[in-house]
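Reader: I am new to reading protein structures. Could you take me through this one step by step?

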Amino acid sequence: MADPVVETIAGGRCLVARVSGDMDYVTASVFDHQFKELIARGDRFIGLDLSGVSFCDSAGLNVLLGARRQAEASGAVLVLARVPEPLQRILEMTGVTQLLRVYDTVTDAEAVGGR
């Protein structure tokens with residue numbers, strides 16, 4: 001099992017954070033806390049680079065959806081980028097892609113957020 005990590009990799013007009021590790025029932029509370037801290041910074045646009053996520057179950061999906069709700073409540077936009085193929089399929093099958101915008105690259109996400 002990979003340890004959960006949320007690391008800020010860029011700032012400025014867009015906050016970008018690289019997420020890595022397993023997003024599951026064991027790590028959900030850690031990710032939830034780290035995402036809340038990111039959102040509390042007050043940035044208007046937050047991009048999560050999920051390229052380092054090795055596994056995601058329903059608890060991980062719930063954390064992503066909770067982060068989206070919290071961001072929205074604070075007036076921020078939360079998007080996903082560099083989503084690994086297995087996770088992309090889960091997001092599509094569960095309808096999460098209808099709620100969260102997903103971009104192929106961090107640069108694509110930043111271009112939208114930097115407007």
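This is a predicted model: local features need pLDDT of at least 70, side-chain atom pairs count only at pLDDT 80 or more; totals for chains, interfaces and linings use all residues.

Reader: In which strand is D49 found?

Author: Helices (H or I, at least four residues) and strands (E, at least two) are DSSP runs, numbered from the N terminus. By that numbering, the strand that holds D49 is β3.

Reader: Is D49 buried or exposed?

Author: Buried means under 20% relative accessible area, exposed over 50%, and partly exposed in between (1.4 Å probe, protein chains only). The relative accessibility of D49 is 1%, so D49 counts as buried.

Reader: With which side chain does the side chain of D49 make a polar contact?

Author: A polar contact is a pair of N or O atoms within 3.5 Å; within protein, one must be able to donate a hydrogen and the other to accept it, and residues adjacent in sequence count only if both atoms are side-chain atoms. For D49 the distance is 3.2 Å, and the partner is the side chain of R82.

Reader: Is R82 buried, exposed or partly exposed?

Author: R82 lies in the loop between β4 and α3, and its phi is near 50°, a positive value in a residue other than glycine. Its relative accessibility is 38%, so R82 counts as partly exposed.

Reader: Within what arc do the buried residues of α3 fall?

Author: The buried residues of α3 are L87, Q88 and L91. They line one face of the helix, because, seen down the axis of α3, they fall within an arc (taken from the directions from the helix axis to the C-beta atoms) of 105°.

Reader: How far apart are the end C-alpha atoms of helix α2?

Author: The expected span of a helix is 1.5 Å times one less than its number of residues. Helix α2 (residues 58-73) has 16 residues, so it should span 22 Å, and this agrees with the distance between its end C-alpha atoms, 22 Å.

Reader: At the start of α2, which backbone nitrogen does a side-chain oxygen of D57 reach?

Author: Look at the start of α2, where D57 sits. Its side-chain oxygen comes to within 2.9 Å of the backbone nitrogen of A59.

Note on methods
Residues are numbered from 1 along each chain as its sequence is written. Side-chain values use heavy atoms; hydrogens and water are left out.
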